[in-house]
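Biologist: I would like to learn how to read a model like this one. Can we go through it feature by feature?

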Amino acid sequence: PTFLDVQQIVAGYTIEGSATAGWAEDGLASGWSFGGTGKFTDRPTLTYRPLDGAEFNRELMTPIPPFAIFFMVQMGWPVDLIMRMCVDSFNGIENRSGFGYKAKRADSKFDHLVELMQGLQDSGRIGMRLKRGEKPGGDDTVIVFREPREEQDPEIERGSIARLIGTDPARTDYKLFYGTGQPGPDAIAVQSRSILHIMIELAAYVQVPTEHEEEGRVIPVMLEEEANRLLDIRTDSSRPSDAYVSVKYRGHWFYIDDRDLRSKRTFTFLSLLASLAETGTDQQAPMLTIPTG
């Protein structure tokens with residue numbers, strides 16, 4: 001795959017105007033004549049640069065840090081979206097994979113875990129904090145599961161998550177690590193996905209034309225139940241009339257319906273993740289020459 005990074009955007013425009021006036025006289029009539037013209041031209045210039053080598057690996061193939069993913073929970077993004085989209089395993093409990101010959105269903109505990117965590121988030125009982133270490137660079141990210149604050153909070157026991165993932169139910173906070181398995185009673189290991197991994201997983205939600213699958217142009221994928229689907233990219237032989245985004249490929253239109261709020265949310269979140277993974281490069285500022293005459 002080839003990815004392009006937008007380096008700079010220059011909005012160049014010109015405004016032109018002219019006016020004329022004259023006197024005409026002949027044998028039959030005479031008088032003044034006036035005229036005017038105007039012109040506005042907008043020519044934005046975009047500069048793209050392909051990502052390759054170490055930069056491609058850093059921005060697209062390196063897993064997103066778990067602390068960055070779960071700080072987005074703190075921002076208010078739904079934990080069910082974040083867990084299903086960005087997490088490969090949570091303390092040894094594996095998420096689904098719906099692409100290609102390696103397709104597999106999620107661990108039986110994963111959906112229950114997501115449901116419990118979503119309930120805690122809805123009642124404001126999931127939080128993140130930074131635990132300062134004694135040495136430079138020794139800070140730890142901590143995920144917190146709080147007790148109910150009011151009687152009307154949903155009756156979700158905090159310890160139920162701990163027992164499900166194999167940690168100490170008596171604790172309210174756990175250190176967050178990148179990795180697999182169960183690191184201990186006071187820690188949670190999260191194996192997060194990279195941007196490229198997330199895009200490959202989301203490709204499993206594309207409705208492929210039947211003839212493309214029969215001709216062997218694509219690998220069959222395992223579609224998820226409608227209630228759990230993160231994205232629905234539809235296909236049609238004609239251009240859709242009410243699409244949020246669309247693209248034509250091999251004689252078919254692939255698109256997200258503008259009334260599909262769930263798919264639009266996922267698409268927007270993917271754009272946010274791409275910005276989150278952007279680490280930036282040390283480059284000299286581009287020189288811009290603008291004509292003045």
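Biologist: Where does Asn91 lie?

Modeller: Asn91 lies in the loop between S3 and S4. First, the source: this is a predicted model, in which local features need pLDDT of at least 70 and side-chain atom pairs count only at pLDDT 80 or more, while totals for chains, interfaces and linings use all residues. Residues are numbered from 1 along each chain as its sequence is written, and side-chain values use heavy atoms, with hydrogens and water left out.

Biologist: Is Asn91 buried or exposed?

Modeller: Buried means under 20% relative accessible area, exposed means over 50%, and partly exposed is in between (1.4 Å probe, protein chains only). Asn91 is buried, at 0% relative accessibility. Its phi is near 55°, a positive value in a residue other than glycine.

Biologist: What is the phi of Arg250?

Modeller: Phi of Arg250 is near 50°, again a positive value in a residue other than glycine. Arg250 sits in the hairpin of S10 and S11, which has 2 residues between the strands.

Biologist: How do S10 and S11 pair?

Modeller: Two strands pair if DSSP finds at least two bridges between them. Strand S10 (residues 243-249) and S11 pair in the antiparallel sense over 6 bridges, and Ser246 stands opposite Tyr255 in S11. S11 also pairs with strand S9 (residues 234-236), antiparallel over 3 bridges; there Asp236 has Trp253 as its bridge partner.

Biologist: How many residues of S11 are buried?

Modeller: In strand S11 (residues 252-257), 6 of its 6 residues are buried. His252, Phe254 and Ile256 point one way, while Trp253, Tyr255 and Asp257 point the other way.

Biologist: What is the order of strands in the open sheet?

Modeller: The open sheet of 6 strands runs S4-S3-S8-S7-S6-S5, with mixed pairing. Its edge strands, S4 (93-94) and S5 (126-131), each pair on one side only. Inside the order, strand S7 (residues 173-178) and strand S8 (residues 187-192) pair in the parallel sense over 4 bridges, and the partner of Tyr178 is Val190 in S8.

Biologist: Which helix lies across S3 and S8?

Modeller: H3 does, running at about 100° to S3. Angles run from 0 to 180 degrees between N-to-C directions, and axes are lines fitted to C-alpha atoms, for helices over the stretch in contact. H3 is mostly covered, with 7 of its 8 residues buried; among them are Leu81, Arg84 and Met85.

Biologist: At what angle do H2 and H3 pack?

Modeller: Helix H2 (residues 66-75) and helix H3 (residues 79-86) pack at about 160°, with axes 9 Å apart. That makes H2 roughly antiparallel to H3, a label for angles over 145 degrees.

Biologist: Which residues of H2 and H3 meet?

Modeller: Contact means heavy atoms within 4.5 Å. Ile69, Phe70, Met72 and Val73 in H2 meet Val79, Ile82, Met83 and Cys86 in H3. By class, this contact has 8 nonpolar, no polar and no charged residues; Ala, Val, Leu, Ile, Met, Phe, Trp, Tyr, Cys and Pro count as nonpolar, Asp, Glu, Lys and Arg as charged, and the others, Gly among them, as polar.

Biologist: Where is Thr266 found?

Modeller: Thr266 is found in helix H8 (residues 261-277). Thr266 is buried, with a relative accessible area of 0%. Leaving aside neighbours within four places in sequence, Thr266 is in contact with Leu81, Met85, Leu202, Leu230 and Leu231.

Methods: Angles under 35 degrees count as roughly parallel, over 145 as roughly antiparallel, 65 to 115 as roughly perpendicular and the rest as oblique.
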